[in-house]
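Subject: Structure for you to look at, with notes

Dear colleague,

I am handing over the structure below, and I would be glad if you could read the notes that follow with the coordinates open beside you.

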Number of protein chains: 2
Amino acid sequence: MPRSGAKTRDTIIVAANTLFYRFGIKATSLDAIAERAGVTKRTVYYHFRSKDDLIAEYLATRDQPNLEAFQAWFEQARGTLPERVRAIFDGVAETIGHARWRGCGFQRTVGELANKPGHPAFKVASAHKKRVESWLAYEFQQRGVPHPEDIACQVTLLLEGAFAAMLMHRDRRYVTQAGNAAACIVGHSLSGRSR
Amino acid sequence: MPRSGAKTRDTIIVAANTLFYRFGIKATSLDAIAERAGVTKRTVYYHFRSKDDLIAEYLATRDQPNLEAFQAWFEQARGTLPERVRAIFDGVAETIGHARWRGCGFQRTVGELANKPGHPAFKVASAHKKRVESWLAYEFQQRGVPHPEDIACQVTLLLEGAFAAMLMHRDRRYVTQAGNAAACIVGHSLSGRSR
DNA sequence: GTAGGTATACCGTACAGTGAGTGTACAAAG
DNA sequence: CTTTGTACACTCACTGTACGGTATACCTAC
């Protein structure tokens, strides 16, 4: 009996989300996703043209929540601008404590698909990171940071570095250091009034 | 006719290096490696216990050359310490220009194996990154940088970020920005005489 | 020095499992 | 009665790993 369409589709995406993130793209089969979603592989292929399609969808679902998490950490923080930037890294450090944390899904997906630069997932991942960067640039510009785009870019670079280093070393101090560096850069740009 | 043993082994590693780096771990089969090395799969299994073994060896071969490249860029650079640190990023930016560049092999491998923290490749990757970090810390300490370990850590974080961002956006400006940030941090630590 | 044995290095083949993707049938909804 | 959504059963190529066999190199006893 056909369920309400969109519901099945969402169930599949949720299953894909879990498995792709936990085990990686290549290591996750559509069989496994279908089983976890409680549907047949044929149904998966009804809702998605191909595995590549599903990969892109998987990343797309992570875009908004990720960005909102960053924004929440920043907005809820008190203190000077560098301190509030550091709060983003503190927030990241917390999520990393989760047993199921496996690095940045965007980074890992792009890493696996490195040989397929035209893959749809690439665009989704790149767009997500640029959204984060733009948001930061906007916040910095609002607060009179000179060269806000440059500083935002540098902060996102530290975020990327923190994700990568954390996955590699499983040592939370790397996030702390990244937060320190970001705070340093933002603070320096504010006091210097010119990069 | 048995060849000189070590030579065959090296041939296999070279083939694995190329394919693992280009296509990723999961996407590269032992068949493909054996074929490229001009041997049979049986021979691969004679020299390596398993694919996981070969993965670790693949990363191990990238350790020394990578470190030496960083050192060369730093040593050959002229100018102030921040400028010489920036030279490392300039060096990275150049390699990225290569058509075959596919990000940091360590980062991508660890990303694929994120669900297997006990994998031997993890140790190799982590050790490599720590070697780079230690070397930087040593250079900084020699030049009177306060908290050299902290600054070295932050610079390596920017390196990681540069690799990740470059792979995602294919835009060399990210490396430049990372270099700017690193130079800023090093310069700031030198002038401030305390982080 | 040479017969016979042992270790080394390599190949061909087999196998059991899994991967993405498809053809077709069938039930519900409109 | 046509469209939509789901299931079952299937193909076919590929993948990691194991087994058995073979040719050369090396070593030791006589």
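A salt bridge, as the word is used here, is a side-chain nitrogen of Lys or Arg within 4 Å of a carboxyl oxygen of Asp or Glu. Please keep in mind throughout that this is a predicted model.

The interface between the chains

How many salt bridges does the rule find across the interface of chain A and chain B? The number is zero, although the count between chain A and chain B is 14 residue pairs in polar contact, with both residues at pLDDT 80 or more. On the side of chain A that touches chain B, at least two residues each are supplied by α1 (6-23), α6 (105-112), α7 (120-142), α8 (148-169) and α9 (173-192) of chain A. Among these helices, α8(A) gives the largest share, with 13 residues. By class, this side of chain A divides into 20 nonpolar, 10 polar and 12 charged residues, so charged side chains are present there, given that Asp, Glu, Lys and Arg are the residues counted as charged.

As for its extent, the contact takes 42 residues from chain A and 42 residues from chain B. The size of an interface is often given as the accessible area lost when the parts come together. Between chain A and chain B the buried area is about 3,700 Å², and carbon and sulfur atoms give 65% of that area.

B:Glu160 is found in helix α8 (residues 148-169) of chain B, and it counts as buried because its relative accessible area is 7%. Leaving aside neighbours within four places in sequence, B:Glu160 is in contact with A:Gly161 and A:Ala164 of the other chain, and with B:Gln107 and B:Lys129 of its own.

A:Phe106, for its part, is found in helix α6 of chain A, and with a relative accessible area of 0% it is buried. Not counting residues up to four places away in sequence, A:Phe106 touches A:Leu59, A:Arg62, A:Asp63, A:Asn66, A:Ala125, A:His128 and A:Lys129, together with B:Met168 from the other chain. A:Leu59 is 47 residues apart from A:Phe106 along the chain, and the C-alpha atoms of the two are separated by 6.7 Å.

Salt bridges elsewhere

A search of the whole structure finds 14 salt bridges over all chains. Side chains of opposite charge can pair when their charged atoms come close. In chain A, one such pair is A:Glu139 with A:Arg143, whose side chains meet at 2.7 Å, N to O. A:Glu139 counts as buried at 11% relative accessibility, whereas A:Arg143 is partly exposed at 34%. Another salt bridge joins A:Arg173 to A:Asp171, where the closest N and O atoms are 2.6 Å apart; here A:Arg173 is exposed, with a relative accessible area of 60%, while A:Asp171 counts as buried at 16%.

In chain B, the side chains of B:Arg9 and B:Glu57 meet in a salt bridge at 2.7 Å, N to O. This pair links distant parts of the chain, since B:Arg9 lies in helix α1 (residues 6-23) of chain B and B:Glu57 in helix α4 (residues 51-76) of chain B, 48 residues apart. Both count as partly exposed, B:Arg9 at 25% relative accessibility and B:Glu57 at 24%.

The elements that give two or more residues to the surface near DNA strand D are α3 (41-47) of chain A, together with α2 (30-37) and α3 (41-47) of chain B, and the largest share, four residues, comes from α3(A).

By class, the surface near DNA strand D has six nonpolar, eight polar and six charged residues.

With best regards

Methods:
Residues numbered from 1 in each chain as written. Chains lettered and ligands numbered in written order. Predicted model: local features only at pLDDT ≥ 70, side-chain atom pairs only at ≥ 80, totals over all residues. Heavy atoms only, no water. Contact = heavy atoms within 4.5 Å. Buried area = accessible area lost by both parts, 1.4 Å probe. Polar contact = N/O pair within 3.5 Å; in protein donor to acceptor, adjacent residues only side chain to side chain. Buried < 20%, exposed > 50% of the residue type's maximum accessible area, 1.4 Å probe, protein only.
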